[in-house]
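Here are my notes on the model, point by point. Please read them with the coordinates open.

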Amino acid sequence: MSLPHPTVDQISLPNVLAVLGDPTRLAIVRYLASKEGVPLNCSQFLDLGSKTNLSYHLAKLREAGVTRAEVVGTSRLITLRRDDLDARFPGLLDSVIAAAVDDTALPVVGAHEIKTHA
């Protein structure tokens, strides 16, 4: 089973900004950035809410082109689409992540492990 993802040309700035305007989704992106290049199982975000709520947020991120979700058995592995976002909107993701790293108003996922992307 394969999930639909927008192509690089289909990723729009208004959609990306709207999706990143939600604190839960921004917390997810912040955590994914701290684990750059490592696909994370969606269950790693369960402290952000119920499975249904989390599925909704992960779908919104995928549909906007911010993340990629790969179905592996009964799991979904989530990664940032950094290369695609950097190609489409250079510097945007770095700026968003830098602003989110120290934002105490955001929900916390693995706070002891969050680092900025170098």
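1. Leaving aside residues up to four places away in sequence, isoleucine 28 touches Phe45, Leu48, Leu54, His57, Leu58 and Leu61; a contact here means heavy atoms within 4.5 Å. Isoleucine 28 sits in helix α2, residues 23-34. Helices (H or I, at least four residues) and strands (E, at least two) are DSSP runs, numbered from the N terminus. With a relative accessible area of 0%, isoleucine 28 is buried. Buried means under 20% relative accessible area, exposed over 50%, and partly exposed in between, with a 1.4 Å probe and protein chains only. From isoleucine 28 to leucine 48 the C-alpha distance is 8.7 Å, at a sequence separation of 20 residues.

2. On provenance: this is a predicted model, in which local features need pLDDT of at least 70 and side-chain atom pairs count only at pLDDT 80 or more, while totals for chains, interfaces and linings use all residues. Residues are numbered from 1 along each chain as its sequence is written, and side-chain values use heavy atoms, with hydrogens and water left out.

3. How many aromatic pairs does the structure hold? There is one. The ring centres of tyrosine 31 and phenylalanine 45 are 5.8 Å apart and the planes stand at 90°, so the pair is edge-to-face. Rings of Phe, Tyr and Trp (its six-membered ring) pair if their centres lie within 6.5 Å; planes under 30 degrees apart count as stacked, over 60 as edge-to-face and the rest as tilted. The pair links distant parts of the chain, with tyrosine 31 in helix α2 and phenylalanine 45, 14 residues apart from it, in the loop between β1 (40-41) and α3 (51-64). Tyrosine 31 and phenylalanine 45 are both buried.

4. Threonine 67 belongs to strand β2, residues 67-72, and is buried at a relative accessible area of 1%. Its contacts, not counting residues up to four places away in sequence, include His5, Leu32, Leu58, Ile78 and Arg81. Threonine 67 and histidine 5 are 62 residues apart along the chain, and their C-alpha atoms are separated by 8.6 Å.

5. Is arginine 81 buried or exposed? Arginine 81 is buried, with a relative accessible area of 5%. Arginine 81 lies in the loop between β3 (75-80) and α4 (82-88). Beyond residues up to four places away in sequence, arginine 81 touches His5, Pro6, Thr7, Val8, Ile11, Gly65, Val66, Thr67 and Arg68.

6. Valine 108 is in the segment after α5 (92-101) and counts as partly exposed, at 46% relative accessibility. Arg30, Asp47 and Leu48 are its contacts, not counting residues up to four places away in sequence. The C-alpha atoms of valine 108 and arginine 30 are separated by 9.4 Å, and the two residues are 78 apart along the chain.

7. As for the chain as a whole, five helices and three strands are present, in the order α-α-β-α-β-β-α-α. The radius of gyration is 13 Å, close to the 13 Å that the globule rule gives for 118 residues, so the chain is as compact as a globular protein of that length. That radius is taken over C-alpha atoms, and the rule is 2.2 Å times the number of residues to the power 0.38. Of the 118 residues, 39% count as buried.
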